[in-house]
Each structure stands twice: as structure tokens, then as C-alpha cells.
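Hi,

Here is the structure I promised to pass along. Have a look at it first, and my notes on what turned up are just below.

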Amino acid sequence: MKNIGPVFIKELKHHLREKKANIMMILFPIALIVILGAALSSMFNTTKIELDGVKVLYTNMGGSQLEQAFTGFIEQAGKMGVMFEETDDSNLGIEMVKQADYSCYVLLKDNPRVIRLYKNNRYNFEANLVETLLNAFVERYNAISEIARENPAALADVMDETDKEFYYIKSLDGKRKPTSTDYYSVAILTMVLMYSSIAGMSSIRMEKSLKTGNRILCSPVKKHEILIGKVMGCIMITILQSLMVFLFSKLILNAYWGDNIGVIIAIIASEAILTVSFGTCIGFTIKNEGLSVGIINTVIPIIVMLGGGYVPLDTMGEFVQKLSVVSPIKWTNQAIFRLIYNSDFSYVPVSIAVNLIISALLITVSSIVYRKEAVW
Amino acid sequence: MKMVKIVELTKKYGDVIAVDNISLEIDVGEIFGLLGPNGAGKSTTINMITGLLSMDKGSIWVMGKDARNSTNEIKRNIGIVPQDVGIYEDLTSLENVMFFASLYGLRGSELKKRAIEALEFTGLTEHINNFPRKFSGGMKRRLNIACAIAHRPKLIIMDEPTVGIDAQSRKHILQSVQMLNEMGSTIIYTSHYMEEVEEICTRVAIMDYGKIIAEGTQKELMSIITDQNSVWVSISGEADRIDKTELMEIPGVISVEIDDNTVKINNSNNINNLDRIIHYFTEKDIPIKNIENKTPDLETVFLTLTGRKLRD
């Protein structure tokens with residue numbers, strides 16, 4: 001593995017000296033975010049949404065302890081504009097949500113103690129908001145129950161603290177909804193990232209066209225060392241380019257990226273691995289350069305479109321939304337948006353796993369083809 | 001111990017036999033010339049020695065090690081100067097040499113020192129921090145060599161290292177090859193330029209259609225054609241008035257080659273036919289500027305053995 005370092009450093013030098021490619025991968029997305037952010041701002045509501053119209057139906061079949069806690073929760077949610085109405089009929093509750101009369105229906109049950117949430121996708125944002133509120137409520141309720149069981153003396157302090165400020169509100173970031181600049185900062189970054197596959201492809205093709213590939217293979221360096229060094233170099237430069245766009249959008253354009261920046265960078269890094277692996281695989285498997293570029297330029301717009309890279313997915317038809325599950329960008333964008341606006345981590349492992357599993361498959365194919373190639 | 005020992009080596013591409021059952025031995029300290037026209041099988045043979053290509057049949061031993069089993073050990077001691085210049089135009093000369101040398105395990109100050117030495121050796125000291133994209137063809141060829149020698153290999157394989165360069169750069173490269181040899185490296189030098197091989201190689205193998213058709217020192221190869229002499233007739237006027245067939249009808253003439261205004265006639269030593277050759281030109285009213293009796297060269301050897309010129 002000792003030869004990975006020199007190959008990695010050489011790869012970084014190539015990419016850092018490619019002025020045109022760097023301009024393309026940094027300035028182009030910035031320009032796109034600025035243009036689309038301004039031009040399509042009417043497609044997005046302004047910074048705050050009105051929650052006065054959020055109606056939630058609920059049935060309490062839980063015990064008195066849960067009911068007491070939930071009543072406090074309803075009061076606090078009401079201050080945010082989320083209005084809860086009670087019904088005794090759970091079937092009616094579900095039906096009303098189906099008919100979109102209410103954003104959600106919440107069913108509280110005892111034995112086992114569960115809270116079920118039924119959402120209507122027509123009120124996607126509002127329903128997600130209620131879901132986040134409920135998640136926070138459940139976490140807090142469980143924590144307090146645990147404290148009550150293990151250390152009842154400490155319970156009073158905890159309850160005092162929670163009375164002062166309703167603890168869920170902070171995670172919602174004051175009812176924020178993405179502006180067009182917020183939206184396209186994420187969508188354009190994840191879209192342009194996909195075009196780094198061209199860097200991965202060029203990195204492989206370059207060794208063939210410059211006749212340096214054979215020269216490297218004549219040295220006592222193993223093929224997997226070359227492959228890893230090259231892929232790592234491309235990934236590193238792609239992450240650096242993404243960070244530049246990210247920092248510009250955050251610091252200059254004031255795009256909102258939420259509070260979990262580290263996790264967002266991890267998701268972006270996983271997409272960088274995916275895109276470079278895709279390009280590398282194309283570089284190894286497709287011998288014709290024109291065809292390679294053609295494939296990249298055909299596949300990427302499709303998966304970006306399916307990922308909501310051009311316009312938000314919920315503005316597209318149901319068919320497109322169903323089809324979007326095949327796009328890794330959909331998972332990436334979804335994870336990032338839910339993380340920013342809902343503090344919802346649930347899609348993070350899925351998106352990272354999708355990106356890394358596809359990457360592993362692409363790199364495996366690349367290494368098989370490379371192993372079989374004798375002379376470059 | 002031989003530096004390289006090749007035994008009954010064969011390589012096929014489909015139905016085409018690129019290397020056909022060849023056997024060779026190259027001694028330590030030699031400059032061994034592999035001569036042959038394009039497509040003769042020289043590069044394929046080299047690619048098998050360096051481990052780039054697999055062998056279909058036969059075996060290769062480098063420094064006593066089997067090339068099938070000790071690939072990395074062999075590679076560590078080989079420097080390859082590829083036929084196509086293999087350098088990065090967006091890395092400086094120094095960065096190019098340092099990168100390739102680093103693949104052979106050199107690191108840190110030792111790596112830089114050896115890279116600078118290699119660039120000095122190839123006369124590129126002044127261009128150490130320049131990018132090769134601005135270099136002439138000759139300078140790129142020299143950098144191509146520098147990248148192959150910084151790790152001080154025991155065996156240097158040069159595959160047509162002087163293709164497409166000016167006379168000065170060619171002279172510099174040939175001198176470099178001899179110096180590298182004096183410094184202890186064994187050299188395998190492939191070329192289809194017969195005069196280069198004649199100038200620097202201690203022993204030569206001639207390849208054609210994948211086979212070795214002759215092998216030995218230049219003296220030994222010349223002895224193949226000791227019964228021949230070569231007469232070069234320089235003429236003024238139009239060479240297209242000369243009919244090769246008519247010249248071939250003169251008793252003793254073996255082959256005729258017309259190179260600009262020089263007619264090169266290979267003759268049998270047993271027949272004195274100079275007067276008849278001169279008569280041919282005077283009869284046709286073609287003015288003769290000069291007549292030379294030439295010693296046969298490797299080109300003549302190749303022509304005799306194959307009936308073709310090296311650069312056909």
C-alpha cells in the first residue's frame with residue numbers, strides 16, 4: 001500500500017492545475033445558485049410559513065400519565081399555530097386525514113404504549129413538522145419516564161426546566177422553510193458534484209492517452225495501489241471543490257444549511273465517492289472517449305432530475321416521484337433537506353449507504369476490468 | 001549469470017504470431033541491440049520482459065529470476081524508456097522524475113537528489129522546474145530517459161528512444177546510453193535505425209516477423225555476407241532513368257537500392273563486374289559523380305537475410 005501516496009499526490013497536482021475544470025466545478029455552481037435562486041424565488045414561499053392552518057386530529061387511548069404529558073404538548077404546539085382537535089373515533093380520524101381535511105392524525109395507545117402518526121402527503125411540510133414535534137415529545141417523554149424510574153428525586157429539576165421553555169421548538173428553527181437560494185444551494189451542489197465523474201473518467205483515460213499508464217505498470221506498483229491512489233485523489237479534489245461552493249453559498253449568499261454541518265459534509269463526501277467511482281468505472285469499461293462522455297452526459301441529468309435537482313420533486317407528477325427512488329441524488333437531497341429543516345437524521349444512513357454501496361459495486365467492476373487489462 | 005535469458009518465447013494475438021519461439025541470452029554489462037522493422041516483435045518481446053504482457057509459451061529469466069514468479073523483484077531492477085514518450089505535461093521535469101522514481105520506493109531527500117542527478121545526466125538541469133509542454137521533441141525524449149534512470153536500474157530497456165528527434169538530441173541520447181552502460185547498467189536497445197545500433201551496441205539480434213533471424217556481434221553478423229561487397233555510385237541527374245532490373249542482369253549483382261542520387265549495388269565478391277556497372281551508366285548517358293566501394297553494414301545484412309530494407 002506504500003505506493004498509494006505518490007499516486008494520490010500526483011493526482012491532486014493534476015486536478016489542482018486544471019484551471020478550466022476547477023472554474024467549471026466552483027464558479028459554475030455558484031453562478032447557477034445565484035441565477036436560479038433569484039429567477040425561481042416565486043416557486044418558493046418566503047422565509048416563514050404560516051402554521052395557523054395546520055390542523056391535527058388526535059385520539060387519546062393512552063393512560064392518564066401519557067394524556068397529561070400530551071396535553072402539555074398540545075398547548076405548546078398551539079402556541080406555534082398547530083391546532084389539535086380530539087376525536088374518539090380512530091377510523092374517522094384516519095379517514096379525515098385521507099380526505100385532506102387534516103394534515104395528520106395522531107393515535108395515542110397504551111399497552112403497548114405507542115403514538116401512531118398518520119400523515120397526508122398533500123401537507124408534506126406541515127406533516128413533517130408535526131412528525132418532528134412528536135418525535136421530540138416522545139424522546140422527552142421517554143427520558144422523563146426513565147428518570148422517574150431510576151432517580152425520582154431528580155425529576156422535579158427536569159420538569160422545572162421543561163416548564164420554562166417548550167423544548168421542541170428549538171429543533172424546528174422557528175418554522176423555517178427553504179427559500180429558492182436555500183433550495184438551489186443544496187440541489188445545485190449535489191447536481192454539479194455528479195459531474196465530477198468526468199474527473200474520475202479523465203483520470204483513467206489520461207494515463208492511456210499520455211502513455212504513462214504502461215510506464216507505471218512497469219514499476220513495482222500494484223494495480224490496486226494505482227486505482228486507490230487515483231480514486232482517492234479525485235475524491236479529495238471533489239470534496240474540496242464542494243466545500244468551496246458550500247462556503248460561498250453559506251457565507252456570501254447566506255443560504256441556510258442548518259445546524260448539522262458535519263453530517264451534511266459527510267453526506268456530500270459520500271456523494272463525491274459515488275460520482276468519482278462512476279467516472280472511474282466508465283473510464284475503465286468504455287474504451288471510446290466520445291461514448292464515455294455521452295453516457296455521463298445522459299445518465300447524470302436523468303438521475304439529477306429524478307433527485308429533484310432541477311425543480312423540487314413534489315412539484316413533479318406521482319410517477320416521477322415513484323421513479324425517483326432509483327436516483328441516489330434523491331436520497332442525498334432528501335437526507336440533506338430533512339436534516340436542515342426537520343433535524344431529521346433518519347435518511348442520513350440510507351443516503352450514505354446508497355452512495356457507498358453503489359460506489360463499491362462500481363469500483364469492483366473497475367478493478368476487475370483493470371486486472372484483466374495487460375497493456376494500457 | 002545472464003542479465004536476461006529468454007527460452008523459446010512465443011506470444012500470439014489471435015492467429016497472428018507476434019513473437020515466434022525466440023531464444024536469447026544477454027550478458028551483464030552489454031549494450032544489446034534489438035534490430036528489426038516495425039511490427040517485427042521487438043516491443044512485444046520487451047513488454048514480456050517488463051511484465052506488461054503475459055507469455056503464451058516459453059520463459060524469461062532476469063538476473064536469474066523467473067519472470068513469471070518474481071515480477072516485482074524484477075521490475076524493481078528495470079528502467080524502461082518507452083517508445084511513446086510517457087510523461088505528464090502538467091508536472092514539472094523534476095516532479096515527473098520524482099513521481100516515477102517514487103514508484104520504485106525512493107522517498108524524501110534521497111528521491112529528490114536522485115531525480116536531480118537524472119535530470120543533470122540528461123542535460124535538463126536548466127529546465128528542472130519547467131513544464132514539458134513547452135519542450136522540444138528532443139527534450140521530451142531526454143526527460144523520458146531521466147524518468148527511467150533515477151532509481152539506478154541494473155537493466156535499462158530503451159524502446160526506440162530516438163524516434164522523431166533532431167540530430168543533436170539523438171547524439172546526446174546515444175552518448176547517454178554509452179555512459180549509462182559505463183556506469184554499470186546493462187542496456188537493451190531496440191531500434192529500426194541501423195546506424196544507431198552499429199554505433200553503440202556490443203551485440204545485436206535481428207528480428208523479423210517475430211523470429212530472430214540473426215544474432216551476434218556486428219563482426220559476426222557481417223561475416224554472414226563476407227562474400228559480398230557494396231558499390232555506391234553517386235550520379236548527377238535523374239535517378240528515375242535507372243532501371244533496377246537492367247542493373248540486376250549484370251552478372252554478380254545481388255541487389256540494387258536507389259537512395260536519392262546514390263545507387264547502392266550489392267555484388268558478389270567472386271565476380272569482378274565494376275567495368276560493366278560503369279558501362280551501364282555511361283551507355284545511358286548518366287553522369288557519374290563518385291564511385292565508392294563500401295564495407296557491408298547491418299542494413300546490408302538485413303537486406304540479404306530478408307530481401308527487404310529495415311524501414312520498408
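Predicted model: local features only at pLDDT ≥ 70, side-chain atom pairs only at ≥ 80, totals over all residues.

Four strands of chain B make up an open sheet, arranged in the order β2-β1-β4-β5 with antiparallel pairing. The edges are taken by β2 (16-27) and β5 (65-66) of chain B; each has a single partner strand, so one side of each has no neighbour in the sheet. As background, strands of a sheet pair through backbone hydrogen bonds, in either a parallel or an antiparallel way.

If you zoom in on β1 (residues 2-13) of chain B, you will find eight bridges joining it to β2(B), and the two run antiparallel. For a landmark there, look for K12(B), which sits opposite I17(B) in β2(B).

Now over to chain A. Its two domains are domain 1 (4-44 + 179-372) and domain 2 (54-172). Taken over C-alpha atoms, the centres of domain 1 and domain 2 of chain A are 39 Å apart.

Chain A also has a helix pair to look at. The axes of α12 (residues 261-285) and α15 (residues 328-342) of chain A come within 10 Å and cross at roughly 170°. An angle over 145 degrees counts as roughly antiparallel, and α12(A) and α15(A) are therefore roughly antiparallel to each other. On the α12(A) side, the contact is made by V263(A), I264(A), I267(A), E271(A) and L274(A); α15(A) contributes P328(A), T332(A), A335(A), I336(A) and L339(A). By type, the residues of this contact between α12(A) and α15(A) are eight nonpolar, one polar and one charged.

How values were computed. Residues numbered from 1 in each chain as written. Chains lettered and ligands numbered in written order. Domains from an automatic or database assignment. Axes fitted to C-alpha atoms, helices over the stretch in contact; angles between N-to-C directions. Parallel < 35°, antiparallel > 145°, perpendicular 65-115°, else oblique. Contact = placed C-beta atoms within 7 Å. Nonpolar A, V, L, I, M, F, W, Y, C, P; charged D, E, K, R; others polar. Pairing = 2+ DSSP bridges.
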